[in-house]
Amino acid sequence: MTELIICTTCRTVSTPNDQRAAGEILFDAVQAAQAFGDQPEWENVQVRAMACLSGCSRSCTAAYQATGKHSYLFGDLTASDDVARQLLNCAVLHHQSVDGSLPRDKRPAALVPSMIARLPPVL
């Protein structure tokens, strides 16, 4: 199973601390899309919130990980329903890939320019 981790504390520099963080909004959108979407393959994705993924200068951030597969960190994401669906679709690609590779030409549009890191599987 692939785990999609969304940073819930991500916020742009211009977002005041008394307003909801964009990362929290994105996490809620991902959960809603998964719960109410019509994509059965999204069941292979475990969604988790995390207080900080240390991508503060590139908010919103999200990561993919699974045992024996490459892990990825993406940033500069928009908190929207469309990006939420794209994150879930990319998680399915990660799940279906033998080693977790996410080739640039296979990733959804929102994730093409936003990769921060790709880490190899744990040995």
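**Briefing: fold and salt bridges of a predicted model**

The protein chain has two helices and five strands. Both kinds of element are DSSP runs numbered from the N terminus (helices: H or I, at least four residues; strands: E, at least two). Along the sequence, they follow the pattern β-α-β-β-β-α-β. The radius of gyration is 13 Å, close to the 14 Å that the globule rule gives for 123 residues, so the chain is as compact as a globular protein of that length. This radius is taken over C-alpha atoms, and the globule rule is 2.2 Å times the number of residues to the power 0.38.

**How to read the values**
- This is a predicted model: local features need pLDDT of at least 70, side-chain atom pairs count only at pLDDT 80 or more, and totals for chains, interfaces and linings use all residues.
- Residues are numbered from 1 along each chain as its sequence is written, and side-chain values use heavy atoms, leaving out hydrogens and water.

**Overall shape and packing**
- The C-alpha trace spans about 45 × 30 × 25 Å along its principal axes.
- Of the 123 residues in the protein chain, 43% are buried.
- Buried means under 20% relative accessible area, exposed means over 50%, and partly exposed lies in between (1.4 Å probe, protein chains only).
- Among contacts with a separation of 6 or more, 66% join residues 24 or more positions apart. A contact means heavy atoms within 4.5 Å.

**Salt bridges**
- The structure holds four salt bridges. Each is a side-chain nitrogen of Lys or Arg within 4 Å of a carboxyl oxygen of Asp or Glu.

**The bridge between two strands**
- One of them pairs Arg48 with Glu3, with the closest N and O atoms 2.6 Å apart.
- Arg48 lies in strand β2 (residues 45-50) and Glu3 in strand β1 (residues 2-7), so the pair ties together parts that are 45 residues apart in sequence.
- Arg48 is partly exposed, at 34% relative accessibility. Glu3 is buried, at 12%.

**The network around Arg20**
- Arg20, Glu24 and Asp28 are linked in a network of salt bridges.
- Arg20 meets Asp28 at 2.3 Å, N to O. Arg20 also bridges to Glu24, where the closest N and O atoms are 3.7 Å apart.
- Arg20 is partly exposed, with a relative accessible area of 42%.
- Glu24 is partly exposed at 33% relative accessibility. Asp28 is partly exposed, also with a value of 33%.
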